Amino acid sequence: MERHEGRGVSRRTVLRRTGTGAGLAALGAGAWGCGPVEEPGAAASSAPSGTPSGAPAGGEAFATPPPGTAPEPLWQRRTAGGALGMDALAVAGDVVLVSNDPLIGRSATTGAELWRRAEAAVPGARMLVRGGTLYLASARYDGDVVGLDPATGRETWRSRLGKRFAQPRPIAADEHRVYVLAGVLGKDFRVERNVVAAIDASTGKVAWQELRDAGTQEYGIAADAAGRYLVYTDYEENVTVRSTDTGRQLWTKKIGRSNSGRLAVHDGLVIVADAGRLRAFALADGAEKWSLASEEFTRFHGIGVLDGVLYAADSGHVVRAVDPATGRESWRTEALLDVAYPGQFAKVGTTLYAATQLDDKGGILAFDARSGKLRWRYNDGSEALDQWYVAAAGTRLMALHGKRLTALPAV
């Protein structure tokens with residue numbers, strides 16, 4: 001069973017907003033020439049002459065800016081509202097999606113609106129795209145999970161769970177199943193326990209469901225499905241692995257802090273940021289394979305495995321590149337004390353991109369992925385105190401900050 005120590009943990013927002021010192025770092029020429037930002041629904045195109053609005057950006061080539069200079073935005077659009085949650089931004093082909101109501105699909109190439117759906121996504125819902133389908137909790141709060149075609153916004157799948165669960169929330173998916181957390185409705189319609197359940201991706205029926213311990217929360221979950229294993233962390237300071245076939249809990253371990261951020265799964269391991277350590281556990285049996293400590297009084301935050309390399313940032317404003325199989329560092333940056341620490345990563349070619357926690361001293365950072373050298377940093381100048389998000393789209397980057405979506409060349 002999932003272990004917890006009987007401590008009551010309040011439901012907290014996924015994103016904690018904290019202040020930083022005043023002042024905005026100078027970003028170099030080109031970072032501020034953004035021009036007007038179009039309102040939601042604007043369909044203006046920035047595509048070159050003769051380029052279809054939905055054409056993929058993969059064949060484009062952009063000039064590399066001088067060292068220390070951020071690239072100019074290719075386009076910017078306003079979103080319906082500020083985004084919350086680590087997966088509030090997603091790219092599917094040439095379509096970029098932001099978790100808001102209405103849900104809008106835009107061309108990553110031009111920024112043009114391709115489609116919109118009202119009451120399709122709960123604001124802040126995870127943009128979970130697997131197998132060409134965007135899975136979302138129904139915004140009508142009818143107990144269903146829905147699947148949309150990211151290219152058109154049309155509904156292509158629905159779970160039709162009826163009154164079985166209260167507010168099922170997709171946390172992970174693979175080729176065969178969608179995994180959800182959901183409340184169990186009692187006779188008085190109160191939710192006192194919750195379950196983790198698997199929904200068959202072809203039939204929409206529940207393949208299995210397992211009751212979680214009393215006191216475990218439905219929120220603050222980071223999860224992934226990898227082959228035979230469903231792995232997730234939660235606010236109760238657990239890392240838990242279940243069988244994707246049966247739902248049986250294979251193992252659970254206590255970790256030293258509430259971890260509702262990212263976890264990384266790679267080659268039979270799950271890697272979590274556990275306060276001042278990165279820890280890697282075997283998915284099969286929970287054996288700890290390696291541990292890497294940060295500097296004294298610092299904590300790890302954002303982590304991610306990209307192209308076989310684990311990237312991790314800590315509260316000391318240091319970014320590391322680590323071998324996910326052994327925990328050995330290949331490089332680390334100097335302390336970027338004038339930059340808010342990163343919480344999310346993306347990679348295109350030999351450049352690593354990091355989205356920072358706050359606006360005042362952060363934005364999108366570009367590092368040489370081979371050496372860790374900081375190449376440039378971009379900030380939109382909005383001074384909005386919101387987390388940044390980044391996702392790769394061919395040769396472009398989608399950057400989300402507050403109510404602004406920006407396309408940058410991946411240079």
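This is a predicted model: local features need pLDDT of at least 70, side-chain atom pairs count only at pLDDT 80 or more; totals for chains, interfaces and linings use all residues.
I started with an open sheet of four strands, ordered β6-β7-β8-β9 and paired antiparallel. β6 (128–130) and β9 (155–158) sit at the edges with a single partner strand each, so one side of each has no neighbour in the sheet. From one strand to the next, I get an average twist of 30 degrees (axes are lines fitted to C-alpha atoms, with angles from 0 to 180 degrees between N-to-C directions).

Numbering runs from 1 along each chain as its sequence is written, and side-chain values use heavy atoms, without hydrogens and water.

Next I looked up how β6 meets β7 (residues 133–137): three bridges join them, running antiparallel. Pairing here needs at least two DSSP bridges between two strands. L128 stands opposite Y135 in β7.

Then I zoomed out. I count zero helices and 32 strands in the protein chain (DSSP runs, helices being H or I of at least four residues and strands E of at least two, numbered from the N terminus). Of the 411 residues, 55% are buried, meaning under 20% relative accessible area with a 1.4 Å probe, protein chains only.

Last stop was R396, which I found in strand β31 (residues 396–401). Is R396 buried or exposed? R396 is buried, at a relative accessible area of 4%. A polar atom of the R396 side chain lies 2.5 Å from the backbone oxygen of T109.

Key. Buried means under 20% relative accessible area, exposed over 50%, partly exposed in between (1.4 Å probe, protein chains only). A polar contact is a pair of N or O atoms within 3.5 Å; within protein, one must be able to donate a hydrogen and the other to accept it, and residues adjacent in sequence count only if both atoms are side-chain atoms.
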